[in-house]
Amino acid sequence: MVLSWNEIKERAVAFVREWQSASQEEADAKSFLDAFFHIFGISRRKVATFEYKVKKLNNNEGYIDLLWKGTLLVEMKSRGKNLERALIQAKEYLVGLKDYELPRYILVCDFANFHLHDLENDSCHRFALNELLQNIELFGFIAGYQKRTYREQDPVNVQAAEIMAQLHDKLKEAGYEGHPLEVYLVRLLFCLFADDTTIFEKDLFTEFIELRTAPDGSDLGARLSELFYILNTPEEKRLKNLDEHLARFPYINGKLFEEYLPPAAFDTSMRNLLLQACYLDWGNISPAIFGAMFQCVMDPVSRRNLGAHYTSEINILKLIKPLFLDTLYQELESIKNNRLRLIDFHQKLSRLTFLDPACGCGNFLVVTYRELRLLELQVLRLLYGTGQGVLDIRDLVKVQITQMYGIEYEEFPARIAEVAMWLIDHQMNMRISFEFGQYFVRLPLTQSANICHANALEISWENIITPSKLSYILGNPPFVGSKLMKPQQRQELLNVMHDVENAGVLDYVTAWYIKAARYIQGTSIKVAFVSTNSIVQGEQVAFLWQPLMQKYNIKIHFAHRTFKWSNEARDVAAVYCVIIGFAAFDTPDKVIFDYQDIKGEPFAIKAKNINPYLIDARDIFIIRRSKPICNVPPMSFGNMPLDGGNLLFSDEEKEEFLCQEPGAAPYILPFISAHEFLNGKKRWCLWLVDAEPHVLKKMPKVLEKIEAVRKFRLASKRKQTIEKATTPALFGEIRNFGKSYIVVPRVSSENREYIPMGFFDKNSIVGDTCMTVPNGTLYHFGIMSSRMHMCWTLYVCGRLENRYRYSKDIVYNNFPWPQNLTERQVLAIEKAAEGVLLARKQFPESSLAVLYDPLSMPPILLKAHRSLDKAVDQAYHSTSFTSDTQRIQFLFDLYEKYTLGLFSEQQAKKRSRKSNKK
């Protein structure tokens, strides 16, 4: 039985009294340590070994006075001996221990003084025997009480997941698979947590495996089946002559052990794996982190990157703090001295409800519940102090896991979510026990979180919880891009989006936005989702946010602009995300969280309105346009080879080809793709647009290339490509750009302050990885190379990962160019643009990628761009803008004037006034 802190302190007082009066002759280490463990209600003999033999570094044998594997090493000395030397001796023993035996704590003691070393935190507490009571909480780990610190990607999380993955594989190889295997592993997970968190007596499960099962594992499956049965049987219904060890396990209930499972078969290696898992400190493993990592155990593909598929607690807090937690803490601060209002506030906490409609292993719900319980703990402190006079603390705890609701598509993570919620509830009960000195545990498990195993896009959320009873919706719906969806996912999306135009181009996550928007109509429910940043960029913005805002009256309350969603797992591809909090009502308290470094911490900006591009500006929707909204040259794609590489050459390939076919020289022209343009590389293409048929017939090597292109196109499954096989001598798509044109790479690094652009003439063939502005001038180049145009691109363009993806239909055709410029303003822009080109020419050996790298950009080029920025700013406004935020706000307003035809009206009025004067 787990003792309360009050009981532990009473025993500590008795221990000190007894051993203070003990003589030198009575100072026996075994008796002393047995009595010390008795303080915490633990039998030393059942968890730790006295005089544990080990080999030291010098290969000599030594004996550890006491070893509790994985937890505590004790070295006892006679009174007055040097305890620092004792510590050195204790550390020498560590080299002879196996990894799973290494302790977290070393205690050196001379019966009168204690030195407790925490090897994990590299800390030491020193105190005398008569100070034990004041320091007794340092030894909470013996009873299972311990203030836990959970770290992202903690090695113990990974180690635990890896061991369980191995055990999973062994069981599966033996033929134990499917649903029974999933439930079996979830039960083992619960037992491992229970063993280190006072649900069971400390190490009761470990002791059961060690002492009650055969070393070869032959009876382990049967014994575990027996244990699972006992955990599902109330004490009063168990056999009277039950094995005394099994009888010590509590009744768990909660349906976790209710279902019959066929016994599993174990061998020696499998039993050893389970024991290795037992020797880890599962109390240090956060249910929020490990739940999702444990899910990877079931997926060999995901397992390569254990930890890659969970949402870190830091990122969860980024969502829940502005959604509800910050407001609740502010409210608590304002009423902390008013007892009646505190009581009402406590009742309010117990009525809050939360739904995660894509809950996975429950990490959002786990962290939400934990934070709600921590807030409740502060309320209880204010109301009841240290709990003196409180008869039973469980009567005061009002926040329950039944306030949490989740929907999960896969059964296994849904079951893990249920267990994770029980575990976090228990950990918070232990926290309450620690604070108020009473042991508080909810056993048997009579309550559970409301986790529904279902498809969130196909079921009615109203059947999970009615909108009138729900407070918040939150979570991290699946990151699946529009082009990566499986047919079933696409159909689910389209079913939800039945009234949304162009839904086919939207990402999978947007279905959750639409479904949530419908659910919260006419309520005060607030919603926040983590999503890939694609839903606030490019063409998806108008298709998603226009119906959300215009049909469902959605207003964005807070938003995290793009940040890097990643962790320390091996080979993890980063995801670029946003967090958007919204509701079907407005609020004056809007906040944008921005990032100077997308890997760093955000800073908050108060906003009057947050539009779909996460800008403090009016709600606006940039739609695809086939023509520019301003009087500027149209933009075009580059030429698409569609040749299987047969018409393209490197320098070496070109020289080799011309040696074999010298007559082809007039038809080999520079080929400009984005890579070559940015990195100063040379590439060539066979450009046969003007080649006469009789000339081609005289060049057999050219004919071989043409035939290879024809075969490549005929082998395609795409109808349009096959049709192009009739003209194999030509690029798949050919465009005429006139005498000269501006080249814009379609994808460019997000680290660049400006997208490098350049001029080319008709003797260079630009590829389809670039966009072009035929007959573009220095003026056009200047505007497009300015910070003003970059700001527009930054907020409006789509992204490839986080790189800029420039497009004509969204970015260029919607860009609001300056109106009614004077000749002087145009000349100023042209002069500044020429300055940029001249600055580049001073570094002929450096590529544009190097010149525009923020770490290597020459000061003279940066200065030239700053001069250009000033000239362009003044073309838009009489004074220069002081920030990108001012620029984009101005551009959105200008865009609205263009698209609403306001400039046309103004020009018509001017013409009318001139006519009247005549």
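Two strands count as paired here if DSSP finds at least two bridges between them. Strands (E, at least two residues) and helices (H or I, at least four) are DSSP runs numbered from the N terminus. Everything below comes from a predicted model, where local features need pLDDT of at least 70, side-chain atom pairs count only at pLDDT 80 or more, and totals for chains, interfaces and linings use all residues. Residues are numbered from 1 along each chain as its sequence is written, and side-chain values use heavy atoms, with hydrogens and water left out.

**View 1**
Zoom in on strand 16 and you find two bridges joining it to strand 24 (residues 770–774) in the antiparallel sense. Ser-636 stands opposite Thr-772 of strand 24.

**View 2. Thr-777, in the loop between strand 24 and helix 27 (778–784).**
Thr-777 has a relative accessible area of 32%, which makes it partly exposed because that class runs between buried (under 20%) and exposed (over 50%), using a 1.4 Å probe and protein chains only. Leaving aside residues up to four places away in sequence, Thr-777 touches Ile-742 and Phe-759; contact means heavy atoms within 4.5 Å. Its side chain also makes a polar contact with the side chain of His-780, at 2.9 Å. For that label, a pair of N or O atoms must lie within 3.5 Å; within protein, one has to be able to donate a hydrogen and the other to accept it, and residues adjacent in sequence count only if both atoms are side-chain atoms.

**View 3. Lys-654, a buried residue at 13% relative accessibility.**
This lysine, Lys-654, belongs to helix 22 (residues 651–660). Phe-649, Ile-668 and Trp-684 are what Lys-654 touches once residues up to four places away in sequence are set aside.

**View 4. Helix 9 (residues 204–212) and its buried residues.**
Leu-204, Phe-205, Thr-206, Glu-207, Phe-208 and Ile-209 are the buried ones in helix 9. They pack against several other helices, among them helix 8 (178–196), helix 10 (220–231) and helix 12 (268–279).

**View 5. The second largest cavity, with about 60 Å³ of space.**
The structure holds three cavities of 30 Å³ or more. On a 1 Å grid over the protein atoms alone, a cavity is a set of points where a 1.4 Å probe fits but cannot get out, while a pocket is an open set with protein on both sides within 12 Å along at least five of seven lines; lining residues have an atom within 4 Å of a point. The lining of this second largest cavity includes Phe-190, Trp-422, Asp-425, His-426 and Arg-442. Helix 18 (residues 411–436) gives the most to that lining, with four residues.

**View 6. The second largest pocket, with a volume of about 780 Å³.**
Of the 25 residues lining this pocket, Asp-594, Tyr-595, Ile-598, Leu-794 and Arg-799 are the closest to its centre. Strand 12 (555–565), helix 28 (787–796) and helix 33 (884–899) are the elements that give two or more residues to the lining. Helix 28 gives the most, with three. Volumes are the space filled by probe spheres set on the grid points, which are joined across faces, edges and corners.
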